Amino acid sequence: MSDQTIKKSIQISQKKMEADFILKNAYVADVFSLCWRRANIVVAEGKIIALDEKDEFTASVIEDAEGKYVIPGLIDAHIHIESSMLTPSQFSEILLPHGITSVITDPHEIVNVSGSKGMEYMLEDAENAKMDIYFMLPSSVPSTSFENSGAVMKAKDLVPFLQHERVLGLAEVMDFPAVLETDSDMLDKLSLVQKANKLIDGHGAGLNREQLRGYRAAGIQTDHECVTAAEARERIKQGMYVLMREGSAAKNLVDLLPAVTPANARRFAFCTDDKHLDELMEEGSINFAVSLAIKQGMTPLQAIQIATLNAAECYRLYDRGAIAEGYVADLVMLEDLQTMEIATVWKNGVKVAEKGKAFQKEKKKTTVGQTILQSVHIPKLTEKDLAITFSKGNRANVIEIIPNQIITKHIEKEVDIENGYFVPSIEKDLLKIAVIERHHSLGTKGLAIVHGFGLQKGAVATTVAHDSHNAIVVGTNDQDMLVALEALQAMQGGLVVVDEGEVIGSLALPIAGLMTSLNAEEAVKKLEDIHKALHDIHSDLHFHFFLTLSFLSLPVIPELKLTDTGLFNVRTFQHIPVEIV
């Protein structure tokens with residue numbers, strides 16, 4: 001901040017100069033004391049100068065809140081923007097109307113595909129966003145050594161980004177064996193970030209008390225993987241922040257809310273982690289989490305504090321998260337407190353959205369590198385390549401999905417066998433699933449059996465497959481699975497639904513096989529067509545199919561997952577055969 005800006009702010013605070021903007025007659029959320037205050041919010045140079053309760057200030061622009069509730073801009077404490085399938089600047093356009101003014105993102109999706117070039121692209125495009133987008137540097141690229149990703153990021157590769165003004169620290173450390181076994185590469189990253197006095201995010205899925213102690217000894221400060229209140233309490237006891245997740249595939253908030261008490265609430269924040277475009281446009285993200293917490297019995301001010309001040313302080317963003325003197329003027333005026341219906345949003349004291357619409361303005365287009373646009377290299381496959389061989393019997397290790405969760409169960413099932421090969425069964429809901437390496441033409445592939453998807457025909461495929469983002473396909477027959485993979489290759493990644501040899505729904509994601517070049521409205525229309533196609537092959541669909549599918553390849557989330565190198569037991573951290581012999 002320049003001397004002149006500081007001088008102007010001080011003079012306005014002493015009523016010696018006119019302010020830039022005043023929002024009069026606001027019912028202001030005081031997130032420090034958990035109370036409401038009626039005041040005029042006085043703004044200059046993008047900062048809050050005063051909460052004027054006596055009409056003592058003047059401004060060049062004055063608006064009347066007419067007694068409506070006004071809260072600080074909401075903050076998403078952990079999200080992967082790529083999971084929205086939008087670029088950062090497009091993502092900003094659809095979230096601002098929902099009151100989200102700041103997010104902390106981990107771009108490990110695109111970095112797993114495109115390495116440093118992907119990181120550079122995200123940082124550059126974030127400059128075109130109206131919201132504040134902060135970054136955590138990917139810690140685990142690839143997420144483990146048991147799969148093939150498009151890139152490898154060592155500590156030395158993170159150094160050029162560490163001092164960037166938008167970079168806050170090291171993103172979710174997923175490879176917990178590397179931490180607990182003091183792997184040298186992991187130690188290099190942890191040490192690098194600690195020396196820079198930056199934050200380290202955790203990923204403690206299924207970790208017990210002793211393992212968490214190892215995380216804390218490594219300097220890891222947050223976790224967004226809690227699925228039970230008991231897990232949340234344990235992390236709070238050990239001094240961590242718990243980021244309560246409510247996304248598309250992982251909906252954990254209701255189960256975690258019983259862990260929040262008036263005594264410990266300051267150690268919680270809200271996050272989405274991964275949420276699809278259609279749901280973001282319809283529901284928003286953190287606003288939805290706040291309304292859900294209120295619906296479950298939390299007081300509105302407590303929920304608002306968790307969504308604003310807590311997240312800001314967790315990530316050391318000490319100039320936001322509150323409506324008070326000296327804070328950034330990120331303001332959200334509500335139509336309804338209980339439902340968190342948004343009337344108007346101001347970013348840095350400037351109105352950016354009203355009645356569900358962001359104000360459009362010309363913005364610079366970010367150039368996308370050719371390597372990012374040509375990242376899908378799926379080999380030509382045949383039915384033989386998808387064959388799962390059985391030699392001793394018909395018992396199999398099977399992945400069982402849990403709808404609206406990213407964890408799975410490891411179950412054993414008797415499966416149908418013909419001529420020594422597994423045959424999918426619609427009646428038993430035992431389908432074939434495959435993960436195909438798509439980055440470097442290595443020819444690796446993993447094959448397995450999955451229960452719980454309920455497909456009645458056809459196949460579904462995508463290049464959004466956490467976290468290495470190889471091609472993943474599930475189907476009732478090999479022919480449709482092969483057609484789906486060929487379609488992914490032709491459009492350089494995306495989402496595909498196939499029935500009887502024909503593509504009946506698709507959305508191309510040519511930016512690293514993860515993000516669309518379409519605007520949000522066009523992409524949503526494509527998604528609507530895809531959902532219709534999904535219901536054509538699954539009439540009783542009641543969960544987010546693509547997000548559930550995309551997490552079946554992440555070998556750090558219990559219990560059983562599939563990578564391009566085979567079926568993986570996350571509990572034992574080793575590959576296992578499909579056939580039980």
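The lining of the largest cavity divides into four nonpolar, five polar and seven charged residues. Here Ala, Val, Leu, Ile, Met, Phe, Trp, Tyr, Cys and Pro count as nonpolar, Asp, Glu, Lys and Arg as charged, and the others, Gly among them, as polar. This is a predicted model: local features need pLDDT of at least 70, side-chain atom pairs count only at pLDDT 80 or more, and totals for chains, interfaces and linings use all residues. Residues are numbered from 1 along each chain as its sequence is written, and side-chain values use heavy atoms, with hydrogens and water left out.

**Cavities**
- A search of the whole structure finds four cavities of 30 Å³ or more.
- On a 1 Å grid over the protein atoms alone, a cavity is a set of points where a 1.4 Å probe fits but cannot get out; a pocket is an open set with protein on both sides within 12 Å along at least five of seven lines; lining residues have an atom within 4 Å of a point.
- Grid points are joined across faces, edges and corners, and a volume is the space filled by probe spheres set on the points.
- The largest cavity has a volume of about 60 Å³.
- Its lining has 16 residues, with H80, E172, D273, F551 and L554 nearest the centre.
- The second largest cavity holds about 40 Å³.
- Among the residues lining the second largest cavity are R245, D273, D274 and F551.

**Second largest pocket**
- This pocket has about 330 Å³ of space.
- Of its 20 lining residues, S145, D175, A178, D183 and D185 lie nearest the centre.
- Helix α6 gives the most to this lining, with three residues. Helices (H or I, at least four residues) and strands (E, at least two) are DSSP runs, numbered from the N terminus.

**Nonpolar core**
- The largest nonpolar core has 191 residues. Such a core is a set of buried Ala, Val, Leu, Ile, Met, Phe, Trp, Tyr and Cys residues joined through side-chain atoms within 4.5 Å.
- Buried means under 20% relative accessible area, exposed over 50%, partly exposed in between (1.4 Å probe, protein chains only).
- F453 is one of the residues with the most contacts inside this core.
- Beyond its neighbours within four places in sequence, F453 is in contact (heavy atoms within 4.5 Å) with residues including V474, F545 and L552.

**A buried serine**
- S83 sits in the loop between β6 (74–79) and α2 (88–95).
- S83 counts as buried because its relative accessibility is 4%.
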